[in-house]
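This briefing is meant for a reader who is meeting the structure for the first time. Please keep the sequence and the model side by side while reading the points below.

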Amino acid sequence: MSLITLHIWAQTWTHSSSWQDGSEANKNYLFIYNKFLAASRAHLLRPSSPSAFLSPPLPFSLPQESQSTSRSAMAQDDSVVSAQWLHQHLGAPDVKVLDASWYMPVENRDPWEEYQVAHIPGALFFDIDGIVDQTTDLPHMLPSEEAFAAAVSALDIKNQDKVIVYDGKGFFSAPRVWWMFRVFGHNKVWVLDGGLPQWRASGFDLGSANPDDAVVKSKTANKAVERVYNGELTNTITFKTEFQPHLYWTLEKVAHNVAAKNYQQVDARSKGRFDGVAPEPREGVRSGHIPGSRCVPFPEMFDGAPRLLSADELRKKFQQAGISLDHPIVVSCGSGVTACILALGLYRIGKHDVPVYDGSWTEWEAQSDSDYPKATATAA
């Protein structure tokens with residue numbers, strides 16, 4: 001089999017939905033595929049090779065002269081990077097990787113413990129419940145600019161760095177951190193497409209050792225937030241922020257929009273919670289939705305791999321829910337996490353300025369019904 005033929009087979013196989021089923025046959029295919037990668041770098045990418053005839057996306061790193069172009073295109077046009085891209089660029093001084101895993105309280109999973117057991121080599125842990133606004137009882141709300149800058153500085157992330165965020169489920173909490181960086185003016189940020197599950201499925205190594213430096217940085221980031229909210233001087237901030245208010249919505253903005261209807265409100269929760277027929281995962285919170293909202297459950301943004309759907313497929317998902325992509329959209333969910341998955345999908349189809357209602361349903365539901373009405377499937 002020629003390398004060109006093998007390349008075509010490899011691209012078809014790696015883009016299929018069945019290659020990650022864990023079967024013995026697919027493990028053997030993955031071994032062959034990895035051999036192909038090594039051979040392709042050695043032969044196909046020589047100056048005299050026919051690599052110019054191979055159609056993107058390539059499953060390996062582009063030649064050096066093309067890498068800057070590839071990164072530039074990603075920065076402008078997409079919200080995710082592939083596991084293959086990250087594997088090729090892992091360890092580059094300007095590429096910083098964050099494990100932003102977080103789970104619902106009812107799942108009884110500890111993301112910090114799981115990070116210490118297995119993570120992408122070199123990744124630091126970003127604590128969604130630690131790098132937060134400490135002036136509210138609402139869960140994991142956006143911190144102040146100074147607190148965010150202090151935490152990110154403690155993680156040794158600089159303004160010129162490319163930040164890649166992933167989580168343990170594939171698409172769950174990582175988009176929240178992607179949104180946080182963008183709210184504070186850092187647009188060189190991507191989510192790892194498919195997260196840790198896709199990294200594993202690609203056959204790439206995991207780190208289990210925890211260098212003292214990585215542990216210290218992660219813990220120092222949380223402590224930096226505490227110091228800011230305690231009014232202590234922080235002279236170690238090196239990361240510069242520029243708040244983007246159009247990406248961040250408050251309770252008051254949403255209440256105004258319920259009456260004005262300038263933005264389409266899209267909810268990322270399940271249809272049962274949205275309709276008020278399934279319970280909320282947080283005790284004491286009723287289910288239902290903000291009047292006028294439409295429901296697009298966040299799992300509709302990705303396939304079973306999981307990988308983010310194509311732009312065309314994403315457009316159909318929103319249009320089928322009765323949402324016009326020609327008009328402004330604001331997204332919400334239960335507590336501001338999975339709404340960011342909708343924002344991630346909308347970014348892929350060219351809507352780069354979609355705001356997230358940070359407090360989301362948890363905040364809205366807690367307000368008086370007379371001032372902040374609630375809707376259900378039977379009383380919409």
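In which loop does Pro306 lie? Pro306 is found in the loop between strand S8 (294-295) and helix H12 (311-320), and the model in which it is placed is a predicted one. The points that follow begin with the chain as a whole and then turn to individual parts of it.

**The chain as a whole**
- The protein chain contains 14 helices and ten strands, and of its 380 residues 50% count as buried.
- Among the contacts in the protein chain with a separation of 6 or more, 76% are made by residues 24 or more positions apart.
- The accessible surface of the protein chain comes to about 17400 Å², and 52% of that surface belongs to carbon and sulfur atoms.

**Backbone geometry**
- Most residues other than glycine have a negative phi, and most peptide bonds are trans.
- The peptide bond that runs from Ala305 to Pro306 is cis, with omega near 0 degrees.
- His140, although it is not a glycine, has a positive phi of about 40 degrees, and this residue lies in the loop between strand S3 (124-125) and helix H6 (145-154).
- Lys261 is another residue other than glycine with a positive phi, in this case near 55 degrees, and it is found in the loop between helix H10 (251-260) and strand S7 (264-267).
- Is His140 buried or exposed? His140 counts as buried because its relative accessibility is 5%, which falls under the 20% cut-off.
- Lys261, by contrast, counts as exposed because its relative accessibility is 62%, which is over the 50% cut-off.

**Helix H7**
- Helix H7 (residues 174-183) is largely enclosed by the rest of the structure, because ten of its ten residues are buried.
- The buried residues of H7 include Trp178, Trp179 and Phe181, and Arg176 and Arg182 are also among them.
- H7 is followed by Gly185, whose phi is positive and near 90 degrees.

**The second largest pocket**
- The second largest pocket has a volume of about 270 Å³, and its lining is made up of 19 residues.
- Which of the lining residues lie nearest the centre of the second largest pocket? Those nearest its centre are Lys96, Val97, Gly122, Ala123 and Leu124.
- Strand S2 (95-99) and helix H9 (212-229) each supply at least two residues of the lining of this pocket, and the largest share, four residues, comes from S2.
- By residue type, the lining of the second largest pocket divides into twelve nonpolar, three polar and four charged residues.

**Cysteines**
- A disulfide is a covalent bond between the sulfur atoms of two cysteines.
- How many disulfides does the structure hold? The structure holds zero disulfides.
- For Cys333, the closest cysteine sulfur is that of Cys340, and the two sulfur atoms are 6.8 Å apart, which is too far for a bond, because a disulfide needs the sulfur atoms to be within 2.5 Å.
- Cys333 counts as buried because its relative accessibility is 1%, and Cys295, at 14% relative accessibility, counts as buried too.

How values were computed: Residues numbered from 1 in each chain as written. Predicted model: local features only at pLDDT ≥ 70, side-chain atom pairs only at ≥ 80, totals over all residues. Heavy atoms only, no water. Buried < 20%, exposed > 50% of the residue type's maximum accessible area, 1.4 Å probe, protein only. 1 Å grid on protein atoms, 1.4 Å probe; cavity = no way out; pocket = protein on both sides within 12 Å on 5 of 7 lines; lining within 4 Å. Points joined across faces, edges and corners; volume = space filled by probe spheres on them. Nonpolar A, V, L, I, M, F, W, Y, C, P; charged D, E, K, R; others polar. Contact = heavy atoms within 4.5 Å. Areas by Shrake-Rupley, 256 points an atom, 1.4 Å probe, with all protein chains shown as cover.
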